[in-house]
Amino acid sequence: RVGDEVAERYLRWQSLGRLGKPLIILIGGATGVGKSTIGAQLANRLSITRLVSTDIIRDVMRASIPEKLIRPLRGSSYNAGQNLSYPLPGGDPVILGFREQTLAVVVGVQAVMRRAVDECTHIIIEGAHICPGYIDISNLVNGAVVMQVGITVDNLQLHKDHFWIRNIETRGSRPFLKYIQNIDSIRKIQGYIVSLAQEHGVQIVNSYNLDLTLNE
């Protein structure tokens, strides 16, 4: 009665229970593109009970790694360049800092993925550190179905609006001004992620409407 498209989606949703292996969805993108919201909505639609943020993985690693080894994990993804272990002349500190922090966090991401395979549990992992080319899934292809996607917000004003909405939703705990002051660095990281996605064949979804993004 509701049409072939809805019926096909329903059958695909049911097929999750017959995979025989876990579904691991990796959602990447720069700060403020809506990864957390998309991940939560997608988890609800697919009845996936495990949703992990790379920010949480980073914070756990911060708490468990000795101070002298923790420099790359300090700060956010967009200002990690202030904590480079070995600043390189001529390189962009924003990208270098992001790369160094991502390389550190990905160690934890891959541990979470291996645990999902061992337990045969569907999981969604989202965060800025889900960066194309950084996560090795070659040893998981026989034990899981892994899908990686990058989220972007091409429109600058819409990207800024996301931070304002988040500021309201969190009652100021994630202040709007902090992100706006770093918007150039955040957008630079977005460009870097897009270039890597094109290089590694990872799908990029330009998010300007939540429902359309989820459907895609």
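Modeller: Two strands pair if DSSP finds at least two bridges between them, and the elements themselves are DSSP runs numbered from the N terminus, with helices (H or I) of at least four residues and strands (E) of at least two. In this structure, I27 has V149 in strand 4 as its bridge partner. The model is a predicted one, in which local features need pLDDT of at least 70 and side-chain atom pairs count only at pLDDT 80 or more, while totals for chains, interfaces and linings use all residues. Residues are numbered from 1 along each chain as its sequence is written, and side-chain values use heavy atoms, with hydrogens and water left out.

Biologist: In what order do the strands form the open sheet?

Modeller: The order is 2-3-1-4-5 for the 5 strands, and their pairing is parallel. Strand 2 and strand 5 (203-206) are the edge strands, each pairing on one side only. Neighbouring strands are turned against each other by 25° on average, with direction ignored; axes here are lines fitted to C-alpha atoms, for helices over the stretch in contact, and angles run from 0 to 180 degrees between N-to-C directions.

Biologist: How many bridges join strand 1 to strand 4?

Modeller: There are 6 bridges between strand 1 and strand 4 (residues 145-152), which run parallel, and G28 stands opposite G150 of strand 4. Strand 1 also pairs with strand 3 in the parallel sense, over 4 bridges, and there I27 stands opposite E126. Strand 2 is joined to strand 3 by 3 bridges, again running parallel, with I124 in strand 3 as the bridge partner of L51.

Biologist: Which residues of strand 1 lie on one side and which on the other?

Modeller: In a regular strand the side chains alternate between the two faces of the sheet. For strand 1, L23, I25 and I27 are on one side and I24, L26 and G28 on the other, and both faces are covered. Buried means under 20% relative accessible area, exposed over 50% and partly exposed in between, with a 1.4 Å probe and protein chains only; by that rule, 6 of the 6 residues of strand 1 are buried. Strand 3 sends I123 and I125 one way and I124 and E126 the other, and all of these are buried.

Biologist: Which residues of helix 3 are buried?

Modeller: Helix 3 (residues 54-64) has T54, I57, R58 and M61 as its buried residues. They line one face of the helix, because they fall within an arc of 100° when seen down its axis, the arc being that of the directions from the helix axis to the C-beta atoms. M61 counts as buried because its relative accessibility is 13%, whereas V60 and A63 are exposed residues on the face turned away from the buried side.

Biologist: What do the buried residues of helix 3 pack against?

Modeller: They pack against strand 2 (51-53), helix 4 (93-119) and strand 3 (123-126), where contact means heavy atoms within 4.5 Å. The direction of helix 3 makes about 60° with that of strand 2 as the helix packs on the sheet. At the start of helix 3, a side-chain oxygen of S53 comes to within 3.1 Å of the backbone nitrogen of D55.

Biologist: Which residues touch the most other members of the largest nonpolar core?

Modeller: In soluble globular proteins, nonpolar side chains tend to be buried together. A nonpolar core is a set of buried Ala, Val, Leu, Ile, Met, Phe, Trp, Tyr and Cys residues joined through side-chain atoms within 4.5 Å. Here the largest has 31 residues, and V109, M113 and I189 touch the most other members. Strand 1 (23-28), helix 3, helix 4, strand 3 and helix 7 (183-200) each give two or more residues to this core, and helix 4 gives the most, with 8. Leaving aside neighbours within four places in sequence, the contacts of M113 include I24, L26 and I125. A second, separate core of 15 residues includes L16, I25, L42 and I48.

Biologist: Why does Q190 count as buried?

Modeller: Q190, which lies in helix 7, counts as buried because its relative accessibility is 7%. Not counting residues up to four places away in sequence, Q190 touches A30, V33, T152, V153, D154 and H159.

Definitions and conventions: Polar contact = N/O pair within 3.5 Å; in protein donor to acceptor, adjacent residues only side chain to side chain.
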